Amino acid sequence: MKEIIQFIGPRGSGKDHNCNLLIKEGYQRLSFADGLRDLSWMALGWYPKDSQEYETFKTDLIQIRTKGSFAHHELLGRDFLINIGDGMRNIVDPLIWIKMLIKKIEDSENTKFCICLCEQR
């Protein structure tokens, strides 16, 4: 049987701190955004090397160009993630990110998970 502990609260309430303590006890940290990030990195053909590069991506402008065309669009990395997330929920399935998280838990050999939620939409 899989054990899942979920922390919900505003910024600064200790969610990350408590998840980090559980990681030291063998828990695997998961997020509803894991599937969104995996899909986004696949679409971009790029993966951030570390958390600093990910944070920079969210605040930097990215350019999306159509192959063979001069048309392009610029947006913040964070806005790109939001657009992918909203589009998948609106077009594919409103529960897509929850279903992907459940599949990740089911497919994992680990039996202990912690999930931290800062905001709910």
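Asp34, Arg37 and Lys104 are tied together in a network of salt bridges. This is a predicted model, and it holds 8 salt bridges.

**Salt bridges**
- Arg37 and Asp34 pair through their side chains at 2.9 Å, N to O. Both sit in helix α2, 3 residues apart, or about one turn of the helix.
- Asp34 is buried, at 13% relative accessible area.
- Asp93 bridges to Lys99 at 2.5 Å, N to O. Here Asp93 counts as buried at 16% relative accessibility, while Lys99 is partly exposed at 45%.
- Asp107 and Lys103 meet at 2.6 Å, N to O, and they're 4 residues apart in helix α5, about one helical turn. Asp107 is exposed at 52%, and Lys103 is partly exposed at 47%.

**Where α3 meets α4**
- Helix α3 (residues 51-59) packs on helix α4 (residues 77-92) at about 85°, with the axes 4 Å apart, so the two are roughly perpendicular.
- From α3, Tyr54, Phe57 and Lys58 touch Gly77, Arg78, Phe80 and Leu81 of α4. That contact splits into 4 nonpolar, 1 polar and 2 charged residues.

**Nonpolar cores**
- The largest core has 10 residues, including Leu36, Trp41, Tyr54, Phe57, Leu81 and Trp97.
- Looking beyond neighbours within four places in sequence, Leu81 contacts Leu36, Ser40, Tyr54, Phe57 and Lys58.
- Another core, of 6 residues, lies apart from the largest one; Phe7, Cys19, Tyr27 and Cys116 are among its members.

Key:
Residues numbered from 1 in each chain as written. Predicted model: local features only at pLDDT ≥ 70, side-chain atom pairs only at ≥ 80, totals over all residues. Heavy atoms only, no water. Axes fitted to C-alpha atoms, helices over the stretch in contact; angles between N-to-C directions. Parallel < 35°, antiparallel > 145°, perpendicular 65-115°, else oblique. Contact = heavy atoms within 4.5 Å. Nonpolar A, V, L, I, M, F, W, Y, C, P; charged D, E, K, R; others polar. Core = buried A, V, L, I, M, F, W, Y, C linked by side-chain atoms within 4.5 Å. Buried < 20%, exposed > 50% of the residue type's maximum accessible area, 1.4 Å probe, protein only. Salt bridge = Lys/Arg side-chain N within 4 Å of Asp/Glu carboxyl O.
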